[in-house]
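Hello,

Here is the structure I promised to pass on. Have a look at it first, and my notes follow below.

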Amino acid sequence: MLATPASNRRNRSRAIAFAGATTMACAVAGWFFPSMLLLLVLCPFVYWLMRRHCLRRLRIMRQPFPASWEQILQSHIAFFRALPDPEKERFRQIVKVFLDEVRITGIRTEVYDTVRVLVAASAAIPIFGFHHWEYHGLGEVLVYPGSFGEKYQTTGSADENTLGMVGLKHLSGVMILSKPSLLGGFDNPSGKDNVGVHEFVHFVEQEEAEHGMPPEVPWQAAQHWVRYVARELANPRKTGSEHQ
C-alpha cells in the first residue's frame, strides 16, 4: 500500500508516457482537424490523473504519526510491539495510508481514534509481509454497535450473532465489524479470535482470487497462505458456543 522511491519513479514514467501519447494523438488529429489541437490542454490533466494517487500517498507518508495513534498501537497491538524499529515505521505508514483511503463509518455508534486505528491495524497485519499488496476493492468499513444478522440488521434479537462480514453483492467493497468484538480481539492477544484480522483475511482471499498474489511471494509462502485461509474460512466467527 505504500509509495516507495521505486514505485514513484515507475508511476512518473507511466504518467509521462501517457501524457506524451496523448500529446502525439492530439497533434496527429490536429493535422487533419485543426480544432482538435484544443485537446492539447488535456495533456497536463492526463499527467496529473496518473500521478495523483501516488502523490497523495507520498504526502500522507510525510506527515508525522499522531502521538495518540502511537499510544493506541503500543497499548493494544502486540504484533506492532514485537516488530523491530524499521518495521514499526512501515506499520505506521500503512496505518496512515489506510485511514486516508478507506472510510470508517459508525452505524449508531461512535467511531473514535482507538476504533479507527484498530481497524487499520487489522488491515495491516495480514498483508504486512507483502510489500506491494493493495486492497483494491475496499472502500468503507462499517462499525456496528454489536453483532448483526444475515441481512446486516442490528436490532438486538437473538439470531443476530454475526461479528464480522465482508459485504457481498450491493455491499461489495464494504466490510462490517462489530465494535465490541473488534476491541475485544485486541484486548485479549492470547486468545485465538480476532474479528478484525479474521475479516481482513477473508478480504485478502478475495483479492488474491481476483488479482493474484504479489510477485515477491514465493510459491511455498503462497501454499502456506492458502492453507491458512482455508482454515480461517472453515471457522466463521459467531457469538455463542462456537465462538468461544
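What percentage of the 244 residues in the chain do buried residues make up? The answer is 44%. Please keep in mind as you read that this is a predicted model.

First, the layout. The chain has nine helices and four strands. Starting at the N terminus, the order of elements is α-α-α-α-α-β-α-β-β-β-α-α-α. As for contacts between residues at least 6 apart in sequence, 72% of them join residues at least 24 apart.

Now the interior. In general, nonpolar side chains in soluble globular proteins tend to be buried together. Here the largest nonpolar core has 50 residues, and Phe91, Phe98, Tyr135 and Val141 are those with the most contacts inside it. At least two residues of this core come from each of α2 (42–62), α3 (67–76), α5 (85–101), α6 (113–127), β2 (140–144), β4 (174–178), α7 (179–187) and α8 (195–211). The element that gives the most to this core is α6, with ten residues. Another core, of five residues, lies apart from it; Leu142, Tyr144, Val174 and Ile176 are among its members.

If you leave aside its neighbours within four places in sequence, Phe98 is in contact with Met1, Ile104, Val119, Ala120, Ala123, Leu138 and Phe200.

Next, the strands β2 and β4. They run parallel and are joined by five bridges. Within this pairing, Leu142 stands opposite Ile176 in β4. Is β4 itself enclosed or open? Five of the five residues of β4 are buried, so this strand is largely enclosed by the rest of the structure. As a general point, side chains in a regular strand alternate between the two faces of the sheet. In β4, Val174, Ile176 and Ser178 point one way, while Met175 and Leu177 point the other way, and all are buried.

A search of the whole structure finds eleven aromatic pairs. One of them is formed by Phe91 and Phe128, a tilted pair at 5.7 Å centre to centre with 50° between the planes. Phe91 belongs to helix α5 and Phe128 to the loop between α6 and β2, so this pair ties together parts that are 37 residues apart in sequence. Both Phe91 and Phe128 are buried. Together with Phe79 and Phe80, they form one aromatic cluster.

The charged end of Arg90 sits over the ring of Phe128, 3.9 Å from its centre. Over the ring of Phe80 sits the charged end of Lys88, 5.6 Å from the ring centre.

On to the cysteines. How many disulfides does a search of the whole structure find? It finds zero. Cys26 is in no disulfide, and the nearest cysteine sulfur, that of Cys43, is 4.9 Å away. A disulfide would need the two sulfur atoms within 2.5 Å. Cys26 counts as buried because its relative accessibility is 8%, and Cys43 also counts as buried, at 8% relative accessibility.

Leaving aside its neighbours within four places in sequence, Thr23 is in contact with Leu40 and Cys43. Thr23 and Leu40 are 17 residues apart in sequence, and their C-alpha atoms are 6.1 Å apart in space. With a relative accessible area of 32%, Thr23 is partly exposed.

One last residue concerns the backbone. Most residues other than glycine have a negative phi. Arg108 has a positive value, with phi near 60°. Where is Arg108 in the chain? This residue lies in the loop between β1 (103–106) and α6. At 62% relative accessibility, Arg108 counts as exposed.

How values were computed: Residues numbered from 1 in each chain as written. Predicted model: local features only at pLDDT ≥ 70, side-chain atom pairs only at ≥ 80, totals over all residues. Heavy atoms only, no water. Core = buried A, V, L, I, M, F, W, Y, C linked by side-chain atoms within 4.5 Å. Buried < 20%, exposed > 50% of the residue type's maximum accessible area, 1.4 Å probe, protein only. Contact = heavy atoms within 4.5 Å. Phe/Tyr/Trp six-rings, centres within 6.5 Å; stacked < 30°, edge-to-face > 60°. Lys NZ or Arg CZ within 6 Å of the ring centre and 35° of its normal. Pairing = 2+ DSSP bridges.
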